[in-house]
Amino acid sequence: MLYESIAHACQRSGRMALVATTDDSPEGDALAAESLLQRGVDGLILATAQDGDDLPDILAAREVPFVLALRTDGKSPSSVGDDRLGGYLATRHLLDLGHRRIGIIGGPSYASSARGRREGYYQALAEQGIDADAALVIESSFSIDAGTKAAQQLMQLPSPPTAIFAVNDNTAIGAMSALINLGFRVPEDVSLVGYNDIPIVGRLPTPLTTLRVPFDQIAAAALDLLGSSAHRAGKALEMAAPTLIPRRSTARPPEG
């Protein structure tokens, strides 16, 4: 969804966007960046930054204008969502419904977006005096299959969760499939929250409660950063707040 938002933002400003997908691979990012630069682009918006990725440093050394979007490395100009706030809002929503044993399908640790959402989860639990249970925190990729496997793992625990927060809608879709196949009802037996609000999740048989990310705002801010001196100065950060979208996949926990 970010790619479409960037394309629309470019159109509004009389520019054109060229998009390259890399399957979240640092090697693919580097090859794609070089290919785009050879085509004479004015700058790069990178949406797949990872811990340990040296591409931003390489681009900075070459004085190539670039901005990070959705994820940040903490030093490059970045336009991101407030992931910690989003994780907090998702977890707080489940706590307010009465859930106390909440699992999280936490995404990959190399992505700042996933780490921020997990930090928000921990913050919300701590505010309620709930000690985080390491067994309820599952690291994953952002794929549907990863969500399926993580939900299966959570529900096989001796004391399974009554709610699951998946830090990505794809993993939430996989989790919902696993829950149904295991014989659990959503939300009567297990509540489920996703993240991003991709179009399909509101049209599922059980519409998904999720966090809506303002991709248009993130894209516009990324273009503004790219057109300013921020890419030379570094450390500029634009942050957009997500919004909780309650739907039918969350409810009070079952009694007993």
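Tyr-121 is buried, with a relative accessibility of 1%, where buried denotes under 20% relative accessible area, exposed over 50% and partly exposed the range in between (1.4 Å probe, protein chains only); Tyr-122, at 37%, is partly exposed. The model is predicted, so that local features need pLDDT of at least 70 and side-chain atom pairs count only at pLDDT 80 or more, whereas totals for chains, interfaces and linings use all residues. Residues are numbered from 1 along each chain as its sequence is written, and side-chain values use heavy atoms, with hydrogens and water left out.

Rings of Phe, Tyr and Trp (its six-membered ring) are taken to pair if their centres lie within 6.5 Å, with planes under 30 degrees apart classed as stacked, over 60 as edge-to-face and the rest as tilted; by this rule there are 2 aromatic pairs. The rings of Tyr-121 and Tyr-122 form an edge-to-face pair, because their planes stand at 65°, with the centres 5.4 Å apart. The rings of Phe-165 and Tyr-195, with centres 6.4 Å apart and planes at 40°, are therefore tilted. This pair links distant parts of the chain, 30 residues apart, with Phe-165 in strand S6 (residues 163-166) and Tyr-195 in the loop between strands S7 (191-193) and S8 (210-212), strands being DSSP runs of E of at least two residues and helices runs of H or I of at least four, numbered from the N terminus. Both Phe-165 and Tyr-195 are buried.

Arg-117 lies over the face of Tyr-195, 3.7 Å from the ring centre, the criterion being NZ of Lys or CZ of Arg within 6 Å of the ring centre and within 35 degrees of the ring normal.
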